[in-house]
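I am opening my notebook on a structure that is new to me. Come along and look things up with me, one entry at a time.

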Amino acid sequence: MLSPKLLKQLAEQHGTPLFVVDHREVRRNYATFKKYLPRVQAYYAVKANPDPGIVRTLFKAGASFDVASMPEFMIVHENIRSMPAKKRQDWIWDKIIYANPVKDNRTLAELDPYKPLVTYDNLAEVGKVKRHAPHAGLILRINVPNTGSVVELSSKFGASPGEAVDLIEAAFNAGLVVEGLSFHVGSQCTNFQNYVQALGIADSIFKEAWDRGYHKVNILDIGGGFPAPYDQHVRPFSELAKTLNTEFERLFPPQMEILAEPGRFLVATSATLVVEIIGKAVRNGKQCYTINDGVYGTYSGVLFDHCQYHFKPFKSGPTQISSVFGPTCDALDVVSVAEELPVNLDLGDLLMSENIGAYTTASATNFNGMPAPKVVAVGDGRETDH
Ligand SMILES: *Cc1c(COP(=O)(O)O)cnc(C)c1O
């Protein structure tokens with residue numbers, strides 16, 4: 001965690017709201033992922049936080065990338081400069097997967113020259129890929145249980161296991177090549193059994209596909225969902241990794257290529273937001289503070305990510321339960337109704353929210369004309385931080 005002294009100093013220098021990204025933490029999270037899952041290549045899910053600095057830091061650390069739109073593809077492409085001209089296709093597949101199962105025709109046409117690796121989960125997509133991106137390799141996304149995950153994805157994505165091998169066959173019949181299977185257990189997945197069940201489902205689909213002669217189906221993409229330690233109830237990553245490694249060992253031959261698409265896990269803990277109190281009032285007997293960022297901005301995760309952010313003051317003293325409101329004219333713009341904050345907070349005082357790196361700035365709007373926070377990087381080798 002960054003020290004309050006440094007955060008205060010940065011806020012004085014740059015103003016608020018200020019979004020401080022600690023690139024050392026990004027590197028630490030990537031190193032943790034690799035340490036405990038040595039068999040798995042991490043494709044960072046850019047949608048969690050598309051900051052180009054984060055993309056560069058993760059690329060330097062050895063990561064690959066999961067993108068879901070042409071602009072995300074270009075963010076990665078433009079920030080990883082060492083693409084070798086020869087073996088370009090191998091290199092793209094090693095570095096980028098286009099993991100949105102549904103793509104519009106124009107996107108497919110724009111992707112095709114890169115000979116990308118893309119996911120699909122339905123028959124209509126096979127026809128579209130054949131017509132508009134015939135040079136793409138395919139990964140079939142399958143539907144798996146998302147039980148207990150904070151953000152549910154199974155209602156929108158994934159072929160049902162019963163139709164999976166027919167969809168593989170349909171793609172090969174169309175002259176395309178299916179390279180593997182993928183799934184997503186739901187984001188912030190603290191129920192590790194979701195992964196165990198998903199691996200079991202994938203295993204039986206691989207076996208059936210191989211039985212039917214489709215031996216090229218040999219990549220396993222275990223998606224995202226790896227939980228960030230927002231609170232002490234989240235069990236450590238090492239525990240999840242141990243479960244995964246046991247299942248890999250039990251189910252899959254050593255030559256099977258395994259990749260993952262962690263988003264939240266790599267970036268959630270890397271950012272801290274510093275905001276300023278711009279209004280205060282007592283409403284119905286309760287202390288209410290208005291700050292200069294809200295749910296239409298960096299706290300967008302309150303709505304879209306089902307995530308509750310908390311506030312830490314830079315002052316100490318006796319506390320009371322307070323509400324914290326965002327700055328827009330919408331009554332929906334309430335960041336929290338239960339924050340334990342000092343009674344002596346004043347206009348102009350600063351508050352911080354930690355672990356705010358994933359699904360925050362990424363889904364922020366500029367509703368009501370409220371400006372986005374300034375982003376400051378520490379620990380990326382360019383700015384000193386002490
Ligand atoms: C959002 C998403 C991810 C990242 O999920 P996290 O839970 O943040 O790790 C990975 N893969 C796909 C296809 C996604 O849509």
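**Entry: Arg141.** I looked up which residues Arg141 touches, leaving out residues up to four places away in sequence, and found Ala99, Pro101, Tyr120, Asp121, Leu153, Phe157, Gly158, Ala159, Ser182, Phe183 and His184. Contact here means heavy atoms within 4.5 Å. Arg141 is found in strand S6, residues 137-141. Strands (E, at least two residues) and helices (H or I, at least four) are DSSP runs, numbered from the N terminus. Arg141 counts as buried because its relative accessibility is 10%. The cut-offs are under 20% relative accessible area for buried, over 50% for exposed and partly exposed in between, with a 1.4 Å probe and protein chains only. I also checked Tyr114: Arg141 is 27 residues from Tyr114 in sequence and 21 Å away in space, C-alpha to C-alpha.

**Entry: what I am working with.** This is a predicted model, where local features need pLDDT of at least 70 and side-chain atom pairs count only at pLDDT 80 or more, while totals for chains, interfaces and linings use all residues. Residues are numbered from 1 along each chain as its sequence is written, and side-chain values use heavy atoms, with hydrogens and water left out.

**Entry: Ser353.** I found Ser353 in strand S15, residues 350-353. Is Ser353 buried or exposed? Ser353 counts as buried, because its relative accessibility is 0%. Its side chain makes a polar contact with the side chain of Tyr299, at 2.8 Å. A polar contact is a pair of N or O atoms within 3.5 Å; within protein, one must be able to donate a hydrogen and the other to accept it, and residues adjacent in sequence count only if both atoms are side-chain atoms. Beyond four places in sequence, Ser353 touches Ala271, Thr272, Leu273, Tyr299, His310 and Phe311.

**Entry: helix H4.** Residues 70-79 form H4, where Met70, Glu72, Phe73, Val76, His77 and Asn79 are buried. At the start of H4, I noted a side-chain oxygen of Ser69 within 3.2 Å of the backbone nitrogen of Glu72.

**Entry: two domains.** I see domain 1 (4-18 + 269-385) and domain 2 (24-267), with bounds from an automatic or database domain assignment. Their centres, taken over C-alpha atoms, are 33 Å apart. In contact are 18 residues of domain 1 and 18 residues of domain 2. Together the domains bury about 1600 Å², 47% of it on carbon and sulfur atoms. Buried area is the accessible area (1.4 Å probe) that two parts lose on being put together, summed over both. Thr269, Ser270 and Tyr359 lose the most area on the domain 1 side, together 36% of what that side buries.

**Entry: salt bridges.** How many salt bridges does the structure hold? I count 15, a salt bridge being a side-chain nitrogen of Lys or Arg within 4 Å of a carboxyl oxygen of Asp or Glu. One salt bridge crosses the interface of domain 1 and domain 2.

Asp305 pairs with Arg264, the closest N and O atoms being 2.8 Å apart. This pair links distant parts of the chain, 41 residues apart: Asp305 is in the loop between helix H12 (301-304) and strand S12 (312-313), and Arg264 is in helix H11, residues 264-267. Both Asp305 and Arg264 are buried.

Asp203 forms a salt bridge with Lys207, at 3.0 Å between the closest N and O atoms. The two are about one helical turn apart, because they sit four residues apart in helix H9, residues 193-211. Asp203 is buried at 11% relative accessibility, and Lys207 is partly exposed at 42%.
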